[in-house]
Amino acid sequence: MRASALLSGALMLSLAGCAWVPARKAVPEHAFDARELIQTPTQRLATLVMAENLQSLERLLAKLYLRNPAAWRAGGYASAEAASGEVMFAIKSRLPLAPLGKVRAQDAIATAFEPAFEGDRAGALAYGLGSMLMDAWEGERSPTLTDAVNAQKLANAAYNIEVAAWLVNHRTDTTGRPLLVANERTADTVNLSFEREFGQMIGRTLLMATVSGEHLRRSAIGGAQAVATSTLLLPLSALPALP
């Protein structure tokens, strides 16, 4: 009886496996850029991570505007698309966002959740996150040999993105309504798409911090190995062969 039950269970799993065909996700392909010739592998990775983070940020902003139309209207924009375009342009160009004046990075994130703030909360949040990431990348979306990537700044940025995600889920006005409507959990609906975008940005940025720190460590080890090779291997090669 036991063997029969096990066989039946295995057959059901096998049939279920045959019915489920996993979707194929295309591997991103990138055309060759002459700039790559003056980039280390770590700097090339930094370029790709920043590009992916900016895409996540743009998707996140579009989702926020969809669920919070009052946000882009409060910013005085004609549409959500116009608002998103101005915010993303300011981030990529390292320009101030007019409604915020000189406020940027972590301060802009904090402004988005101030109860007294009457402007575009979604735009302020996205601009804060984007300008903070640009600062962590030392202002270079595509760093080259003359640019440094600071592992500690990247780690700090990843932590601040995590804080921002927490604020989105927990900050409310005096009536208990979320300052920014995002993730949704009801009896009929579970929408965690915002959480996924935040999570991907956190993961990429933390990975970049780890890789950057490891790059510096391996560079130091490589230098020490080069010295050891030049000072030790030559004398060793002059030793008489073992009998």
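Predicted model: local features only at pLDDT ≥ 70, side-chain atom pairs only at ≥ 80, totals over all residues.
Residues are numbered from 1 along each chain as its sequence is written, and side-chain values use heavy atoms, with hydrogens and water left out.

The secondary structure of the protein chain comprises eight helices and two strands, taken as DSSP runs numbered from the N terminus (helices, H or I, at least four residues; strands, E, at least two). Read from the N terminus, the order of elements is α-α-α-α-α-α-α-β-β-α.

A search of the whole structure identifies six salt bridges, each being a side-chain nitrogen of Lys or Arg within 4 Å of a carboxyl oxygen of Asp or Glu. Two of the pairs described here connect helix H2 (41-67) with helix H8 (residues 193-237). In one, the side chains of Glu52 and Arg204 meet at 4.0 Å, N to O. This pair links distant parts of the chain, with Glu52 in helix H2 and Arg204 in helix H8, 152 residues apart. Glu52 is partly exposed at 26% relative accessibility, whereas Arg204 is buried at 17%. In the other, the closest N and O atoms of Glu197 and Arg59 are 2.9 Å apart. Glu197 counts as buried, at 8% relative accessibility, and Arg59 as partly exposed, at 34%. Salt bridges with shared partners also join Arg94, Arg104 and Asp135 into one network.

A further salt bridge pairs the side chains of Glu36 and Arg44 (3.7 Å, N to O). Glu36 is partly exposed, with 25% relative accessibility, and Arg44 is likewise partly exposed, with 22%.

Leu37 lies in the loop between helix H1 (2-19) and helix H2. The relative accessible area of Leu37 is 65%, so this residue is classed as exposed. Together with Phe32, Ile38 and Leu145, Leu37 forms a nonpolar surface patch with about 470 Å² of accessible area. Patches consist of residues with over 30% relative accessible area and no salt bridge, like charges being joined within 9 Å and nonpolar side chains (Val, Leu, Ile, Met, Phe, Trp, Tyr) within 5 Å. Accessible areas come from the Shrake-Rupley method with a 1.4 Å probe, and for residues only the protein chains shown count as cover.

The largest pocket has a volume of about 200 Å³. Of its 15 lining residues, those closest to the centre are Ala70, Ala71, Arg121, Arg177 and Leu179. A pocket is an open set of points, on a 1 Å grid over the protein atoms alone, with protein on both sides within 12 Å along at least five of seven lines; lining residues have an atom within 4 Å of a point. Helix H3 (residues 69-74) gives the most to this lining, with four residues. By class, the lining contains eight nonpolar, two polar and five charged residues.

Conventions: Buried < 20%, exposed > 50% of the residue type's maximum accessible area, 1.4 Å probe, protein only. 1 Å grid on protein atoms, 1.4 Å probe; cavity = no way out; pocket = protein on both sides within 12 Å on 5 of 7 lines; lining within 4 Å. Points joined across faces, edges and corners; volume = space filled by probe spheres on them. Nonpolar A, V, L, I, M, F, W, Y, C, P; charged D, E, K, R; others polar.
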